[in-house]
Number of protein chains: 2
Amino acid sequence: MSAAPLVPSVALAVDLAVLTLRADRLHVLLVRRGVPPFEGAWALPGGFVGPTEDAETAAWRELAEETGMGQVPGSGHLEQLRTYSAPDRDPRDRVVSVAHVVLAPDLPDPTAGSDAAEARWWPVEEILDPAPAAAAPVLAFDHAEILTDALERVRAKLEYTTLALEFVTEPFTLGDLRRVYAAVWGAPPDLGNFRRKVLGTEGFVVATDDHGGDSGRPARLYRRGPARLISPPMLRTPGED
Amino acid sequence: MSAAPLVPSVALAVDLAVLTLRADRLHVLLVRRGVPPFEGAWALPGGFVGPTEDAETAAWRELAEETGMGQVPGSGHLEQLRTYSAPDRDPRDRVVSVAHVVLAPDLPDPTAGSDAAEARWWPVEEILDPAPAAAAPVLAFDHAEILTDALERVRAKLEYTTLALEFVTEPFTLGDLRRVYAAVWGAPPDLGNFRRKVLGTEGFVVATDDHGGDSGRPARLYRRGPARLISPPMLRTPGED
DNA sequence: ACAATAGTGTCTTTTAGACAGTATTTG
DNA sequence: CAAATACTGTCTAAAAGACACTATTGT
């Protein structure tokens with residue numbers, strides 16, 4: 001006979017804020033819940049952590065299930081955001097969620113996962129802005145808070161890391177990269193100053209000999225460089241959102 | 001009859017990296033474990049999250065239990081660090097820990113807590129450095145990794161926030177504040193440039209009319225200002241560690 | 001007087017901000 | 001040709017880095 005559990009147990013979940021760029025706007029992957037609670041509501045994709053997994057492994061697995069994104073290095077970035085543990089964040093059971101942020105280059109339209117009735121990309125601003133016009137969903141659980149925190153994390157990290165590279169596919173132009181900053185920060189950095197900073201940061205990008213582009217003068221194509229930090233940082237000053 | 005639990009449950013804990021400055025060196029609060037596993041080993045203080053608590057509330061409670069630090073605003077800073085969830089991080093049960101960082105001004109020597117046989121402040125460098133001379137303990141669980149991550153978080157945040165204020169008691173001199181940076185970064189920032197930056201950042205500190213100091217010319221005394229961000233940041237360039 | 005710390009000033013270099021101008025492509 | 005984007009250059013302002021120098025206290 002063992003003592004009553006002094007140590008309450010919780011269900012451990014992961015939630016994913018999967019961000020990508022589509023048509024120069026930041027989008028987040030949402031799934032329509034097929035099971036209670038919040039059945040029928042839109043939510044961030046996620047799932048429970050298996051008995052032999054850590055949170056990050058579970059997050060990669062869920063990501064693969066929802067999007068088909070593999071753990072292929074260089075084809076996406078996943079990092080822990082923070083843990084949400086309010087006792088009543090799930091109205092039925094005690095579920096603690098380790099939220100993660102995923103940055104991905106443009107992905108195909110998702111297919112419904114196992115426990116999701118539907119899945120699609122939504123422009124982030126439509127989800128977070130109080131614009132009453134659009135048919136933007138109200139997210140289940142505390143997922144709006146998670147998305148807000150994820151967005152602020154990404155905005156901040158574009159300042160002092162080369163994380164913007166995770167949003168583009170190789171090869172890319174400096175215009176492509178600049179549009180990443182424009183979409184995340186809400187306003188494009190000055191053209192000349194942006195080029196000076198990117199090209200002046202050793203290892204940010206690696207030039208190729210090729211050129212390409214959709215319209216206008218063909219631009220030089222680049223690949224991702226090995227640098228991970230931008231020092232001193234590229235600060236955002238213009239209209240934040 | 002309900003289905004077998006597809007959702008494995010875990011025990012949810014918090015661990016605290018409580019950092020303070022003593023004699024111009026950064027110290028961390030360690031407790032000697034009084035119960036298995038790792039009985040007798042040194043570890044970060046922590047405990048389990050109660051059924052009606054979120055992780056941060058539990059962290060504040062554990063902090064009060066271990067140190068007597070209350071939730072008094074302005075007398076300490078607590079923030080979530082990250083969650084450690086490796087399935088085997090506890091050799092006996094599945095325990096997931098939401099680690100937190102606490103910055104505190106110099107506190108009295110701790111008293112043993114409920115499940116801790118002993119508690120004391122240890123210089124951080126002695127714990128993390130591979131100096132074989134000192135009788136520095138090897139931390140239980142993955143607590144050395146947590147401490148490393150906590151230290152890097154604090155080092156980074158001193159660059160772009162006014163968090164150094166959390167290490168000093170009011171009123172304080174600019175020399176006191178500079179010694180915080182020296183201890184955390186491993187080398188003091190240039191005297192003149194540091195003063196220019198702190199005094200030039202509106203709301204970092206608020207001057208009083210009083211003077212004080214232990215030796216040398218008495219210095220003006222300051223109180224904490226309302227500013228939380230330093231922009232542009234004060235970058236650390238000298239010997240990092 | 002000397003040690004110790006506080007406080008000020010200044011010169012140089014780096015970097016960012018602002019913006020003008022030229023270049024090369026498509027329609 | 002105009003539109004669109006790529007690319008380069010330049011002037012200015014802000015900030016940091018590296019110091020030197022003066023000021024005020026205790027011993």
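Colleague: How do the residues of the surface near DNA strand C divide into nonpolar, polar and charged?
Modeller: 6 are nonpolar, 9 polar and 8 charged. Ala, Val, Leu, Ile, Met, Phe, Trp, Tyr, Cys and Pro count as nonpolar, Asp, Glu, Lys and Arg as charged, and the others, Gly among them, as polar.

Colleague: Before we go on, what are the ground rules?
Modeller: This is a predicted model, where local features need pLDDT of at least 70, side-chain atom pairs count only at pLDDT 80 or more, and totals for chains, interfaces and linings use all residues. Residues are numbered from 1 along each chain as its sequence is written, chains are lettered from A and ligands numbered from 1 in the order written, and side-chain values use heavy atoms, with hydrogens and water left out.

Colleague: What does A:K197 reach with its polar side-chain atom?
Modeller: A phosphate oxygen of DNA strand C, at 2.6 Å. A:R217 instead has a polar side-chain atom 3.0 Å from a base nitrogen. Both are polar contacts (N or O atoms within 3.5 Å).

Colleague: Switching topic. How many helices and strands has chain A?
Modeller: 5 helices and 9 strands. These are DSSP runs, with helices (H or I) of at least four residues and strands (E) of at least two, numbered from the N terminus.

Colleague: And salt bridges, how many over all chains?
Modeller: 34 in the whole structure. A salt bridge puts a side-chain nitrogen of Lys or Arg within 4 Å of a carboxyl oxygen of Asp or Glu.

Colleague: Where do B:E79 and B:K157 come in?
Modeller: They form a salt bridge, with the closest N and O atoms 2.9 Å apart. B:E79 is in strand β5 (residues 77-84) and B:K157 in helix α3 (residues 143-160) of chain B, so the pair ties together parts 78 residues apart in sequence.

Colleague: Is B:E79 buried or exposed?
Modeller: Buried, at 13% relative accessibility. B:K157 is buried too, at 17%. Buried is under 20% relative accessible area, exposed over 50%, partly exposed in between (1.4 Å probe, protein chains only).

Technical notes:
A polar contact is a pair of N or O atoms within 3.5 Å; within protein, one must be able to donate a hydrogen and the other to accept it, and residues adjacent in sequence count only if both atoms are side-chain atoms.
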